[in-house]
Amino acid sequence: MKHFSSLLLLLLLTSCYTIERNCTDFKTGTFEFTYTIDGIEKTSRFKRTEHFNIDYHEEVADSSSIRWINDCEFILKKLHPTNNSEKNAIHMKILSTTEDSYMFEYKLAVKRPNKPLNIEKGIAKRVK
């Protein structure tokens, strides 16, 4: 009985916890995202409007269109892809928010047959 009441109390406490997701606060703005490639940490800056996302990688701009699925999810599609892999749309999902940042995950919008779906996560911080 003691274990049952402890389990019930734990279940009640964890079910009351909800992750904050004020996604509309992050639909537009300028953000930074830090990532690692081949052991080298890099920072990318991007500006998002209601319909476009402009990435700045090492002073080179790269634009994508945005199609919002709901307040917390959208699809990015490169406007001028330079190779076949850039032609694939990306599904972005905001998982949680704070006052000046959000945690997100991203994956290919369409799963390729016979290939595992790779889901990556990151944190974007508002800079403006």
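Analyst: In this predicted model, strand 3 and strand 4 form a hairpin with 2 residues between them. Glutamate 58, in the turn, has a positive phi of about 50 degrees.

User: In which sense do strand 3 and strand 4 run, and how many bridges join them?

Analyst: They run antiparallel, and 6 bridges join strand 3 (residues 52-57) to strand 4.

User: Which residue of strand 5 stands opposite serine 65?

Analyst: Lysine 77 stands opposite serine 65. Strand 4 and strand 5 are paired in the antiparallel sense over 6 bridges, and these two strands also form a hairpin, with 2 residues between them.

User: How should I think about side chains along a strand?

Analyst: As a general idea, side chains in a regular strand alternate between the two faces of the sheet.

User: How many disulfides are there?

Analyst: A disulfide is assigned where two cysteine sulfur atoms lie within 2.5 Å. The count here is 1 disulfide: cysteine 23 is joined to cysteine 72, with an S to S distance of 2.0 Å. The link is right-handed, with 95 degrees about the S-S bond.

User: Why does this pair tie together parts that are apart in sequence?

Analyst: Cysteine 23 lies in the loop between helix 1 (2-15) and strand 1 (29-37), and cysteine 72 in the loop between strand 4 (60-70) and strand 5 (73-78), so the pair ties together parts 49 residues apart in sequence.

User: Are cysteine 23 and cysteine 72 buried or exposed?

Analyst: Both cysteine 23 and cysteine 72 are buried.

Technical notes:
Residues numbered from 1 in each chain as written. Predicted model: local features only at pLDDT ≥ 70, side-chain atom pairs only at ≥ 80, totals over all residues. Heavy atoms only, no water. Helix = DSSP H or I, 4+ residues; strand = E, 2+ residues; numbered from the N terminus. Buried < 20%, exposed > 50% of the residue type's maximum accessible area, 1.4 Å probe, protein only. Pairing = 2+ DSSP bridges.
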